[in-house]
Amino acid sequence: KASDPDFFSKLAEGQNPGFLYIGCSDSRVPAEEVTGARPGELFVHRNIANVVHPSDPNAMAVIDFAVTQLKVRHIVVCGHYLCGGVKASMEEGKGGVLDSWLDRIREAASLNLEELSVISDEEQRYHRLVEINVKEQCRNVANLPVVRDRYRATGYPKVNGWVFDILTGELIDLKVNP
């Protein structure tokens, strides 16, 4: 408030973000820090390993609101290297809610088993699964009727897949075309 006395009154006027950012809940990857966005520029949804599944009412409500009410022009699914959720999906399940959540990533891994199985280095395979998961979640977003219908009518929202590299600070555009 000291540097911009009107900052909060401007925020109170309403929101008109251009982006819906769907990211991981990992505390090291806050959406605004990763993207350099200012308050009001992103509408944000975060969960374990940035999974988007039609059975998740929270994600579906966020996406519906962003598309129909806020009319966002871009939806970004942003994963990150060193993701604990993706790492846990590579291990044998232990049962419970988290395990069933991670089954979405295991399904994506299974669909890409041929590619993943030829990567001998575990860290490289782990990084590749992070990327595969982002691409799969982008497909899930693009196939939602609310997203698909608005895209057909207006050409928006565009669905983008990104990966944040915690070690370098690099934001990588996977150039998805779901």
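Visitor: How many disulfides does a search of the whole structure find?
Guide: The search finds zero disulfides, a disulfide being a pair of cysteine sulfur atoms within 2.5 Å. Please note that this is a predicted model, in which local features need pLDDT of at least 70 and side-chain atom pairs count only at pLDDT 80 or more, while totals for chains, interfaces and linings use all residues. Residues are numbered from 1 along each chain as its sequence is written, and side-chain values use heavy atoms, with hydrogens and water left out.

Visitor: Is Cys138 buried or exposed?
Guide: Cys138 is buried, at a relative accessible area of 0%. Buried means under 20% relative accessible area, exposed over 50%, and partly exposed in between, with a 1.4 Å probe and protein chains only. Cys24 also counts as buried, at 6% relative accessibility.

Visitor: Turning to the sheet, what is the strand order?
Guide: The open sheet has five strands in the order S2-S1-S3-S4-S5, with mixed pairing. Strands (E, at least two residues) and helices (H or I, at least four) are DSSP runs numbered from the N terminus, and two strands pair if DSSP finds at least two bridges between them.

Visitor: Which strands are at the edges?
Guide: Strand S2 (42-47) and strand S5 (170-173), each of which pairs on one side only.

Visitor: How do S3 and S4 pair?
Guide: Strand S3 (residues 74-80) and strand S4 (residues 158-165) pair in the parallel sense over seven bridges. The bridge partner of His80 in S4 is Phe164.

Visitor: Now the core. Which residues touch the most other members of the largest nonpolar core?
Guide: Among its 41 residues, they are Leu20, Ile22, Ile63, Ile75, Val86, Val141 and Val147. Such a core is a set of buried Ala, Val, Leu, Ile, Met, Phe, Trp, Tyr and Cys residues joined through side-chain atoms within 4.5 Å.

Visitor: Which elements supply it?
Guide: S1, H3, S3, helix H5 (97-111), helix H7 (122-142) and S4 each supply at least two residues. The largest share, eight residues, comes from H7.

Visitor: Where does Cys78 belong?
Guide: Cys78 is in another core, of ten residues, which lies apart from the largest one and also includes Ala31, Val34 and Val76.
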